[in-house]
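Please keep the sequence and the structure in view while reading.

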Amino acid sequence: MISDYKTAKKDFLAAKFRGCRKFFGSHNYKLEEGYCEIMLDNLKKAREIFESIEKQDMRAHWALVMLDFINGCVSRYPTYFELRNFLEIDLNILITYYKGDYVEKIVRYADFMFTINPEVHKFIGRVFLNNGLKPQAMFFFTRARDNFYQDPELHYILAEIYKEENNIPECKKALLTCLEILPGYAPAKTMLGKI
């Protein structure tokens with residue numbers, strides 16, 4: 001039985017779900033309880049929980065936006081910072097819980113989210129890359145490059161991918177682009193010195 005918040009949160013994030021929902025519910029951790037309901041496909045219950053705390057918790061507002069995306073509608077708009085702070089985390093959680101259908105429904109709104117935060121395609125690409133879904137990651141990194149070319153971090157991420165593939169000409173090209181945008185980008189300078 002889970003006896004403290006830190007353990008419950010750690011277990012939830014590691015997909016060791018047993019006891020998490022009960023702990024969060026009985027200790028009035030509404031946000032976390034709502035996320036548990038999403039993982040159990042109880043989207044209506046999750047919505048009710050998030051709506052009860054939406055005014056006090058920015059993350060609950062974001063969770064409601066995410067539920068809208070999953071349900072194929074937009075009744076709320078995410079903020080720049082909600083996308084920056086929560087999109088990657090929540091896509092990772094959904095992938096950890098094998099909720100690929102939810103991930104797919106959320107990323108369908110990538111171009112819409114881009115209008116609010118131009119780094120969205122990069123965020124999504126990073127999630128896919130970190131979860132071993134490289135073709136999907138490259139699709140979103142390409143979208144990111146096409147839509148927000150002036151992001152030095154994006155070019156550095158691409159350089160890392162090309163280096164891993166032993167595609168040194170493309171790696172070097174990505175690093176030079178990164179340094180053209182931001183000449184002081186230390187990781188790019190370091191990598192360029194090593195290839």
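Because 12 of its 13 residues are buried, α5 is largely enclosed by the rest of the structure. The model is predicted: local features need pLDDT of at least 70, side-chain atom pairs count only at pLDDT 80 or more, and totals for chains, interfaces and linings use all residues. Residues are numbered from 1 along each chain as its sequence is written, and side-chain values use heavy atoms, with hydrogens and water left out.

- Helices here are DSSP runs of H or I with at least four residues, strands are runs of E with at least two, and both are numbered from the N terminus.
- The end C-alpha atoms of α5 (residues 58-70) are 19 Å apart, which agrees with the 18 Å that its 13 residues should span at 1.5 Å a residue; the expected span is 1.5 Å times one less than the number of residues.
- D57 caps the N-terminal end of α5, with a side-chain oxygen 2.8 Å from the backbone nitrogen of R59.
- After α5 comes G72, which has a positive phi, near 80 degrees.

**The chain as a whole**

- The protein chain contains 13 helices and 0 strands.
- Its C-alpha trace spans about 55 × 35 × 30 Å along the principal axes.
- Of the 195 residues in the protein chain, 47% are buried.
- Among contacts in the protein chain with a separation of 6 or more, 48% are between residues 24 or more positions apart; a contact means heavy atoms within 4.5 Å.

**The largest pocket**

- A pocket is an open set of points on a 1 Å grid over the protein atoms alone, with protein on both sides within 12 Å along at least five of seven lines, and lining residues have an atom within 4 Å of a point.
- The largest pocket holds about 180 Å³ of space, a volume being the space filled by probe spheres set on the points.
- Y5, K9, F12, L13, F24, L31, E32, Y35, R59, I89 and I93 line the largest pocket.
- At least two lining residues come from each of α1 (5-13), α3 and α6, and α1 gives the most, with 4 residues.
- The lining has 8 nonpolar, no polar and 3 charged residues.

- E119 lies in the loop between α8 and α9 (120-130) and counts as buried because its relative accessibility is 12%.
- Leaving aside neighbours within four places in sequence, E119 is in contact with Y80, R84, F148, D151 and E153.
- K134 belongs to helix α10 (residues 134-147), and at 24% relative accessibility K134 counts as partly exposed, the class between buried and exposed (over 50%).
- Not counting residues up to four places away in sequence, K134 touches F128, L129, I161, E164 and E165.
- N28, in the loop between α2 (20-26) and α3, is exposed, with a relative accessible area of 54%.
- The C-alpha atoms of N28 and K105 are 29 Å apart in space, and the two residues are 77 residues apart in sequence.

Conventions: Buried < 20%, exposed > 50% of the residue type's maximum accessible area, 1.4 Å probe, protein only. Polar contact = N/O pair within 3.5 Å; in protein donor to acceptor, adjacent residues only side chain to side chain. 1 Å grid on protein atoms, 1.4 Å probe; cavity = no way out; pocket = protein on both sides within 12 Å on 5 of 7 lines; lining within 4 Å. Nonpolar A, V, L, I, M, F, W, Y, C, P; charged D, E, K, R; others polar.
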